Amino acid sequence: MSARPARGGGRWVTVPPERLHPWIDGFADRHGPFSASGDDRLVRLEAADGALAELHVPFPPMTPPGPPHVTRLVAHARAERRVGVFLVRLGGYAAGVFSGASLVASKVGSRLVQGRTAAGGWSQQRFARRRRNQAAQAYDDAVETAVRVLTPHLEELDGVVLGGDRRAVDALRDDRRLAPLLALETEPFLVVPDPRLAVLRDTPATFRAVRVRVVDPPGVSSPG
């Protein structure tokens, strides 16, 4: 599990689905009995001492929503899903299909995109034009790979998770070839380094996890 400060107060905790029930039990041990409420996208636990935990439903919506909130959320989080992942950075890309945490289909690639130069004049303009062409070809290769790897599984996918660099991904959103995949886009966006195979294999630890915002009682700070 990992934790980081949350905007608006508290901290974000990332909980693997297999650890969700023990984490909730630990929340009760630390803060006392709690009441649960929520809907198909968020479950709130309000403890006797004033502590709050907001559990964001992975792969929403949770169906059916409603009580018993905790039991339904744990079952929803632990469900076996088939998920497409598409990672893009300038010059590198990866696409994969996961069944649960197992990678069942994938392709990873890269294409040279030259870095920026401080040279000026015509040389600078030629270099910039060449770099734009290289970037366009790299993005085209990335889209082609995503379509080739993910589209055959389209009818089976429970969601498509995007990641890499946001600017690179946003540059591809208008490509009509991606429209059927983007229609299945779900959070979280995976900010990852150069999308090599090892990076792709590690993504289930993030996209399967439950994100929890924890707010401790006034004057109290405790581990997630």
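Six nonpolar, one polar and three charged residues make up the lining of the largest cavity in this structure. Here nonpolar covers Ala, Val, Leu, Ile, Met, Phe, Trp, Tyr, Cys and Pro, charged covers Asp, Glu, Lys and Arg, and polar covers the others, Gly among them. The model is predicted, with local features needing pLDDT of at least 70 and side-chain atom pairs counting only at pLDDT 80 or more, while totals for chains, interfaces and linings use all residues. Residues are numbered from 1 along each chain as its sequence is written, and side-chain values use heavy atoms, with hydrogens and water left out.

**Cavities**
- Two cavities of 30 Å³ or more are found in the structure; a cavity is a set of points on a 1 Å grid over the protein atoms alone where a 1.4 Å probe fits but cannot get out, and lining residues have an atom within 4 Å of a point.
- The largest cavity has a volume of about 80 Å³, a volume being the space filled by probe spheres set on the points.
- Lining the largest cavity are P17, F59, A77, A79, E80, R81, V83, G100, F207 and R208.
- The second largest cavity holds about 30 Å³ of space.
- Its lining consists of F86, L162, V169, L172, R173, L178 and L182, which divide into six nonpolar, no polar and one charged.

**H76**
- H76 sits in helix α2, residues 69–78 (a DSSP run of H or I, at least four residues, numbered from the N terminus).
- H76 counts as buried because its relative accessibility is 12%, and buried means under 20% relative accessible area with a 1.4 Å probe, protein chains only.
- Beyond its neighbours within four places in sequence, H76 is in contact (heavy atoms within 4.5 Å) with V57, P58, F59, P61, M62 and R81.

How values were computed:
On a 1 Å grid over the protein atoms alone, a cavity is a set of points where a 1.4 Å probe fits but cannot get out, and a pocket is an open set with protein on both sides within 12 Å along at least five of seven lines; lining residues have an atom within 4 Å of a point. Helices (H or I, at least four residues) and strands (E, at least two) are DSSP runs, numbered from the N terminus. Buried means under 20% relative accessible area, exposed over 50%, partly exposed in between (1.4 Å probe, protein chains only).
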